[in-house]
Amino acid sequence: MDSPQKFRKLITAALAARRNAHAPYSGVRVGAALLTKSGKVYTGANMENVSYGLTICAERIAIGKAVSEGHRKFQAIAIIAPCSNPSPCGACRQVLAEFGECIVICADARNMRRVRIHLLSELLPRAFHL
């Protein structure tokens, strides 16, 4: 598997995106950076809503931005959250799976040496597909 150093720029972009999170209810600020197969990076930050079901994860915001610009193939996504074991939620995993396999980099915003790298298929085995 790849090393965290290979994804340093992507992790840095996710960390920067995290500053734009709208998290007045939980206080948990999450950032994501999505790397397309063509090398373009799209970022996202979580956006909470008082009606919790309307909250949008950072990952899905980054994916939506990329898709709205015509991208459908992704290499990797970095997710930064202030917890020891950050990971995309099930909905984000399934949205990513819509576009095929990619690398998922998860980092703890409180200790940037805590980085885990997975294949999406490890996090979501037997995903729904057409």
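Contact, as used in this passage, means that heavy atoms lie within 4.5 Å. The structure is a predicted model, in which local features need pLDDT of at least 70 and side-chain atom pairs count only at pLDDT 80 or more, while totals for chains, interfaces and linings use all residues. Residues are numbered from 1 along each chain as its sequence is written, and side-chain values use heavy atoms, with hydrogens and water left out.

Helices (H or I, at least four residues) and strands (E, at least two) are DSSP runs, numbered from the N terminus. Setting aside neighbours within four places in sequence, histidine 71 is in contact with Thr36, Ser38, Lys40, Tyr42 and Ala66. Histidine 71 counts as buried because its relative accessibility is 17%; buried means under 20% relative accessible area, exposed over 50%, and partly exposed in between (1.4 Å probe, protein chains only). The side chains of histidine 71 and tyrosine 42 are joined by a polar contact of 3.2 Å. A polar contact is a pair of N or O atoms within 3.5 Å; within protein, one must be able to donate a hydrogen and the other to accept it, and residues adjacent in sequence count only if both atoms are side-chain atoms.

H2 spans residues 58-68, and its buried residues are Ala58, Glu59, Ala62, Ile63 and Ala66. Down the axis of H2, these buried residues fall within an arc of 130°, so they line one face of the helix. The arc is that of the directions from the helix axis to the C-beta atoms. The cover over the buried residues of H2 includes strand E1 (31-36), strand E2 (41-45), strand E3 (74-81) and helix H3 (90-97). After H2 comes glycine 70, with a positive phi near 100°.

What lies inside? In soluble globular proteins, nonpolar side chains tend to be buried together. A nonpolar core is a set of buried Ala, Val, Leu, Ile, Met, Phe, Trp, Tyr and Cys residues joined through side-chain atoms within 4.5 Å. The largest such core has 21 residues, of which Leu34, Ile77, Leu96, Val104 and Leu120 touch the most other members. Two or more residues of this core come from each of E1, H2, E3, H3, strand E4 (103-108) and helix H4 (120-123). Apart from this core lies another, of 15 residues, including Leu10, Ala33, Leu35 and Ile105. Beyond its neighbours within four places in sequence, isoleucine 77 is in contact with Leu10, Ala32, Ala33, Leu34, Glu59, Leu96, Ile103, Val104 and Ile105.

Charged groups come next. A salt bridge is a side-chain nitrogen of Lys or Arg within 4 Å of a carboxyl oxygen of Asp or Glu, and the count comes to two. Aspartate 108 pairs with arginine 110, the closest N and O atoms being 3.1 Å apart, and with arginine 114, where the closest N and O atoms are 2.7 Å apart. Aspartate 108 counts as buried because its relative accessibility is 0%. Arginine 110, at 56%, counts as exposed, and arginine 114, at 38%, as partly exposed. Shared partners join Asp108, Arg110 and Arg114 into one network of salt bridges.

Glutamate 48, in the loop between E2 and H2, is buried yet has no salt bridge, and the nearest side chain of opposite charge, arginine 29, is 8.5 Å away. For charge, Lys and Arg count as positive and Asp and Glu as negative; His and the chain ends are not counted. A polar atom of the glutamate 48 side chain lies 2.9 Å from the backbone nitrogen of tyrosine 25.

Isoleucine 56 is also found in the loop between E2 and H2, and is partly exposed, with a relative accessible area of 29%. Isoleucine 56 and asparagine 46 are 10 residues apart in sequence and 5.8 Å apart in space, C-alpha to C-alpha.
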